[in-house]
Amino acid sequence: MMSVSPGTPTVNIGLLERLTNAIAVSGDEREVRSIVLEEVQSIAEDMRIDALGNVLVTRRAKTSPFLKVMVAAHMDEVGFMIVDEDEGGLYRFAVVGGMDSRLLPGKAVLVGKDHLPGVIGARPIHLSESSDLERAIPVDSLRIDLGTGGAGKAQPGDRAGFATRFQQSGPSLIAKALDNRLGVAALIELVKNPLDHIELQAAFTVQEEIGLRGAGVAAYAMNPDRAIVIDSTPAFDLPVWDAAENYQYNTRLGAGPAIYTADAGTLSDPRLVSHLIETAEAEGIPYQLRQPGGGGTDAGAIHRQRAGIPTVSLSVPGRYAHTPILLARVSDWQNTLALVYHALRRLHPSLLTAERS
Amino acid sequence: MIELSPFLKQLISLPGLSAYEDPVRQVIAEAWLPLVDELSISKLGSLHGLRKNRRNKKIEGEKKETSPRILLSAHMDAIGMMVTAVENGFIRVTSIGGLDPRVLAFQPVTVHGRRDLPGILAMPPDRLLPPEQGGKPVKKEHWLVDVGLPPSEVQELVRPGDLVSMATQPIDLSGETLAGHSLDNRASVAALTLALQELQYVSQAWDVWAVASSQEETCLGGAYTSPFDIRPDIAVAIDVTFAKGPGVNDYRGYGLGKGCALGWGPNIHPAIYKTLKETAVDLDMPYQIEIMPRHSGTDAYAMQVVAEGIPTAVVSIPLRYMHTPVEVVSLKDIARTGRLLAEFIARLEPDYVQKIVWEDK
């Protein structure tokens, strides 16, 4: 673990392990929500679960004037919903959230509230033509197989998630759903480490992966002065096939939190971008600027809520987002938590009246 | 006493890629040690266990009487990968055995470097691949294994030739079925072990040579060489076959949990096939008939043509999703296979080989 300046909260790997092993497919965030509640309900001055299932937590400021800052992290993950039952313990499924169908065959999943184990298999290579190997297997030919005794054990409507178990390897974390349990775990630490001059409005949001739906209503309800979104964004820092320089890396592992200037849904508030950069430089926290472009976070819904809420996102870089097995660095995660914490600490109400440029 | 489910889970949790079967061979040898009279390892790495016949007890000083021999072969090797290059902290690989690019994206793997490293078999995003690759299953030459360590450390720990094995954990499914990688063909190794266990209560007339063969997935290396060493009178390959299920709905698929499949085709001696079938009927055991019009795809293909030729048969365990990391087998089918083999051996009379004649008229 890197050294952190005094007062900086530290990440909790045990908590992350529980959060990533839990399954929270968009629309059914119950398992993660219950861990969040367990962690924060005894310390929050105000906490409620709204109509969509967002957990909205307030830590009141102790001094005045104070700023109301919403910090959001989505609880949901990509996964599946059972849509029909075939004979003999085989189930049709639909994908919930953005997932490349090429990664589905050959995976272990857990189905329903009881986490029934299942697998997504495929036609053996021995029975496939060589031209078949050049084509992705269509999702509608795949089934979740619960085993020969699995008939009637799952119902249409049940959710399923990947069965990958958390592990740590040297400086790296390997798990499913690091997008965005890294953000959820960091936000829990922020709730536990309040700042006197900030009213922290922590929003653990739902349904980010299917259209930023929880964050919009959470921002309306909380009505903050400013918002910061913590997420996990892809690091495409892999070698290019022809050994060319990689100019499309999005972010790089180990280079610190990735600050967003622009993505497909949001142009970050430039004052908040500058504030994050100045904070990182003043506190000696490594950071990187995420390559502007596609993708998006809850900020896309938050910044257009009400009369407009100046918002910035920052992400823990993570490889292999939206697959069954992601990889991120402990140091990037810790530095993300540190950067948000110190950015909040250094926020001054005068920022509200600062010019945008 | 070997318990099938935990034993099989142990077997599939061990590496043992073709020609590098040592880790799994050690555990099989431990299990076989109390069940056989002699254990040895062949020049190509197959494990040979001999359980001598229990009728011709050798009397001291007397000329050794030769007993007929049966060889039971279950290959123990697994498919996997081998490191070809280390590139800026990422590991490039090639395949050992038949790997399907459509089913391996983002699998957990273990890189057997200077120490074992957990890793991810990653497929780079389309933006980092040649344009013609877009949307298609990513070709093997573009796969990258990521162990999450700094490049300098990877460079120190990993080098070309190191093995990479699948690391999917065994999964208990409903209906006494088990999912995992390498069930092809550790399921058959487990069945053969159960057969040896049942033989403890049998005074069989034949010498039984149990073989956990090497290198089936690459070149049938064990299957060509072990029978030459042992010179059996008959040989039976135990392997897995395709079970009906998603992706397999035609005649090439057999019912999962519906009993073992007895092979029929040019690799099969009809008389042994017939005896196996009669044995299954007498045991009131469900069985299926696997049609093998050409190459049986098993050790039998090689064993049949060793030396002057050997009468061979194949007993198969139906398995779904072969060569994916989530192969599925029925534990009942494995237990049935073990029982059938033991009973088949128990029934072998000393003159069985003389009696199996071609029914030519």
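**A tour of chain B and its partner**

Begin by selecting the two domains of chain B: 12 residues of domain 1 are in contact with 12 residues of domain 2, contact meaning that C-beta atoms, placed from the backbone, lie within 7 Å. The model is predicted: local features need pLDDT of at least 70 and side-chain atom pairs count only at pLDDT 80 or more, while totals for chains, interfaces and linings use all residues. Residues are numbered from 1 along each chain as its sequence is written, with chains lettered from A and ligands numbered from 1 in the order in which they are written.

Next, select residues 270-282 of chain B, helix H7, and residues 331-347 of chain B, helix H9. Helices are DSSP runs (H or I, at least four residues), and strands are also DSSP runs (E, at least two), numbered from the N terminus. H7(B) and H9(B) pack at an angle of about 110°, with their axes 10 Å apart; axes are lines fitted to C-alpha atoms, for helices over the stretch in contact, and angles run from 0 to 180 degrees between N-to-C directions. The two helices are therefore roughly perpendicular, a term for angles of 65 to 115 degrees. Show B:Thr275, B:Leu276, B:Thr279 and B:Ala280 of H7(B) with B:Leu340, B:Glu343, B:Phe344 and B:Arg347 of H9(B), which make the contact.

Finally, display both chains: 51 residues of chain A are in contact with 58 residues of chain B. On the side of chain A that touches chain B, strand E7(A) supplies the largest share, three residues.

Terms used. Angles under 35 degrees count as roughly parallel, over 145 as roughly antiparallel, 65 to 115 as roughly perpendicular and the rest as oblique.
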